Amino acid sequence: MSELEVTPDRTALVAIDLMERIVALPTAPHSGPDVLARTVAIADALREAGGTVIWVRVERPGVDEQPPGSGLCPEIKVAESDVVIVKRTWGAFQDTGLDAELRRRGIDTILLTGLVTNFGVESTGRAADDAGFRTVFVEDAMSGLDAHAHEFAVDYVFPKLGPVVSTEGTLGAISCSFAR
């Protein structure tokens with residue numbers, strides 16, 4: 001895992017699909033509830049340090065009513081300064097206003113977490129890299145539908161796009177930013 005430096009006012013946490021119905025899925029190597037708890041800890045620390053927190057959830061296009069559990073998990077306390085983005089594709093950039101929101105806030109670094117690693121997280125990470133953002137992947141604050149898919153993305157895809165770090169390293173980097 002890489003060392004990480006964070007400049008909070010230029011950093012955003014982008015948390016993908018932490019919705020009740022998705023967090024409840026069997027995931028590996030990390031459980032949905034563990035991914036949720038780690039992401040909430042990062043969100044709280046980054047928000048306190050002056051960073052931006054963005055919660056992304058998916059809605060199925062072309063249906064009158066979303067499936068039960070389509071809202072963000074109740075453990076997520078969306079602050080007034082947070083942004084909620086609704087996506088209708090795998091990634092969070094297409095037709096959502098996410099890029100404009102990040103640029104308006106002067107964000108150049110994205111901390112990426114959520115479910116599932118090789119779908120929504122990877123798609124968002126690829127688009128973030130294409131858009132020129134420094135993209136940081138928090139390995140234990142994301143998980144796949146199976147361990148092999150998660151590990152492939154973490155070991156082979158993500159290092160080509162940006163650093164792969166742990167929640168502990170991320171929280172340490174955020175807390176070190178206070179000392180500067």
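User: What makes up the protein chain in terms of helices and strands?

Analyst: In this predicted model, the protein chain holds 6 helices and 6 strands, and from the N terminus on these elements follow one another as β-α-α-β-β-α-β-α-β-α-β-α.

User: How many of the residues count as buried, and what share of the contacts joins residues at least 24 apart?

Analyst: Of the 180 residues, 53% count as buried, the cut-off for that word being a relative accessible area under 20%. Among contacts between residues at least 6 apart in sequence, 82% join residues at least 24 apart. The accessible surface of the chain comes to about 8300 Å², and carbon and sulfur atoms account for 51% of that area.

User: Why is Thr-109 called buried?

Analyst: Buried means under 20% relative accessible area, and Thr-109 has 7%, so Thr-109 is buried. This residue lies in strand β4, which covers residues 109–115.

User: What makes the pair Thr-109 and Asp-108 a polar contact?

Analyst: The side chains of Thr-109 and Asp-108 are joined at 2.9 Å, and because a polar contact requires N or O atoms within 3.5 Å, with residues adjacent in sequence counting only if both atoms are side-chain atoms, this pair qualifies. Leaving aside neighbours within four places in sequence, Thr-109 is also in contact with Arg-10, Thr-11, Ala-12, Arg-134 and Val-136.

User: Why does Ala-28 count as partly exposed?

Analyst: Partly exposed covers the range between buried, under 20%, and exposed, over 50%, so Ala-28, at 22% relative accessibility, counts as partly exposed. Ala-28 is found in the loop between α1 (20–23) and α2 (32–48).

User: Which residues does Ala-28 touch, not counting those up to four places away in sequence?

Analyst: Ala-28 touches Ser-143, Gly-144, Leu-145, Asp-146, Ala-147 and His-150. Ala-28 and Ala-149 are 121 residues apart in sequence, while their C-alpha atoms are 8.9 Å apart in space.

User: How many positive and negative side chains does the protein chain have, and how far apart do the centres of the two sets lie?

Analyst: The protein chain has 16 positive and 27 negative side chains, with 4 Å between the centres of the two sets.

Note on methods: Residues are numbered from 1 along each chain as its sequence is written. This is a predicted model: local features need pLDDT of at least 70, side-chain atom pairs count only at pLDDT 80 or more; totals for chains, interfaces and linings use all residues. Side-chain values use heavy atoms; hydrogens and water are left out. Helices (H or I, at least four residues) and strands (E, at least two) are DSSP runs, numbered from the N terminus. Buried means under 20% relative accessible area, exposed over 50%, partly exposed in between (1.4 Å probe, protein chains only). Contact means heavy atoms within 4.5 Å. Accessible areas come from the Shrake-Rupley method with a 1.4 Å probe; for residues, only the protein chains shown count as cover. Lys and Arg count as positive and Asp and Glu as negative; His and the chain ends are not counted. The place of a charge is taken as NZ of Lys, CZ of Arg, CG of Asp or CD of Glu. A polar contact is a pair of N or O atoms within 3.5 Å; within protein, one must be able to donate a hydrogen and the other to accept it, and residues adjacent in sequence count only if both atoms are side-chain atoms.
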